[in-house]
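Dear colleague,

I am passing on the structure we spoke about, together with some notes on what came out of going through it. Please look at the sequence and the coordinates first, and then read on.

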Amino acid sequence: AFRVLLIPSLSPQFELRYNELERARTIFERYVQILPTVKAWVRYAKFEMGNGEVALARGCYERGVEELGEDAQTTRTK
């Protein structure tokens, strides 16, 4: 089975800790380009919602549907 490991440069934890929202947003943009999954888009949208950016969160969901299609499947791992 093929596994994708998130490298630190694709994890915005450091930027979020220091409230560097634009830099974190840039990392999320790279994240959804490199790993275009439902999980990635939802994570990006939750980031925006957590920062009170409802319109940007809605945009993430809309872009995710556009990129992946309305029938995109989610996979659950234990």
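I begin with helix H2, residues 21-34: at 1.5 Å a residue its 14 residues should span 20 Å, and because its end C-alpha atoms are 20 Å apart, the two values agree. Here the expected span is 1.5 Å times one less than the number of residues in the helix, while helices (H or I, at least four residues) and strands (E, at least two) are DSSP runs numbered from the N terminus.

Before going further, please note that this is a predicted model, in which local features need pLDDT of at least 70 and side-chain atom pairs count only at pLDDT 80 or more, whereas totals for chains, interfaces and linings use all residues. Residues are numbered from 1 along each chain as its sequence is written, and side-chain values use heavy atoms, with hydrogens and water left out.

As a whole, the protein has four helices and zero strands, which read along the sequence as α-α-α-α. Of its 78 residues, 24% count as buried, where buried means under 20% relative accessible area, exposed over 50%, and partly exposed in between (1.4 Å probe, protein chains only). The accessible surface comes to about 6200 Å², of which 52% belongs to carbon and sulfur atoms; these areas come from the Shrake-Rupley method with a 1.4 Å probe, and for residues only the protein chains shown count as cover.

To return to H2, its buried residues are Ala24, Arg25, Ile27, Phe28, Tyr31 and Val32. Seen down the axis of H2, these fall within an arc of 160 degrees, so they line one face of the helix, the arc being that of the directions from the helix axis to the C-beta atoms. The face turned away from this buried side carries the exposed residues Glu22, Arg23, Gln33 and Ile34. Thr26, also found in helix H2, counts as partly exposed because its relative accessibility is 47%. The buried residues of H2 pack against helix H1 (13-17), helix H3 (38-50) and helix H4 (54-68), with contact meaning heavy atoms within 4.5 Å.

H4 can be described in a similar way. Its 15 residues should span 21 Å at 1.5 Å a residue, and its end C-alpha atoms are 21 Å apart, which agrees. In H4, Ala57, Cys60 and Gly64 are buried, and they cover an arc of only 50 degrees around the axis, which puts them on the same side of H4. On the other side of H4, Ala55, Glu62 and Glu66 are exposed, while what covers the buried residues of H4 includes H3. H4 is followed by Gly69, whose phi is positive, near 90 degrees.

The largest nonpolar core has eleven residues, namely Ala24, Phe28, Tyr31, Val32, Ala40, Trp41, Tyr44, Ala45, Phe47, Ala57 and Cys60; such a core is a set of buried Ala, Val, Leu, Ile, Met, Phe, Trp, Tyr and Cys residues joined through side-chain atoms within 4.5 Å. H2, H3 and H4 each supply at least two residues of this core, and the largest share, five residues, comes from H3. Not counting residues up to four places away in sequence, Ala45 touches Ala57, Cys60 and Tyr61.

Finally, ring pairs link Phe28, Tyr31, Trp41, Tyr44 and Phe47 into a cluster, where rings of Phe, Tyr and Trp (its six-membered ring) pair if their centres lie within 6.5 Å.

With best wishes

Technical notes. Phe/Tyr/Trp six-rings, centres within 6.5 Å; stacked < 30°, edge-to-face > 60°.
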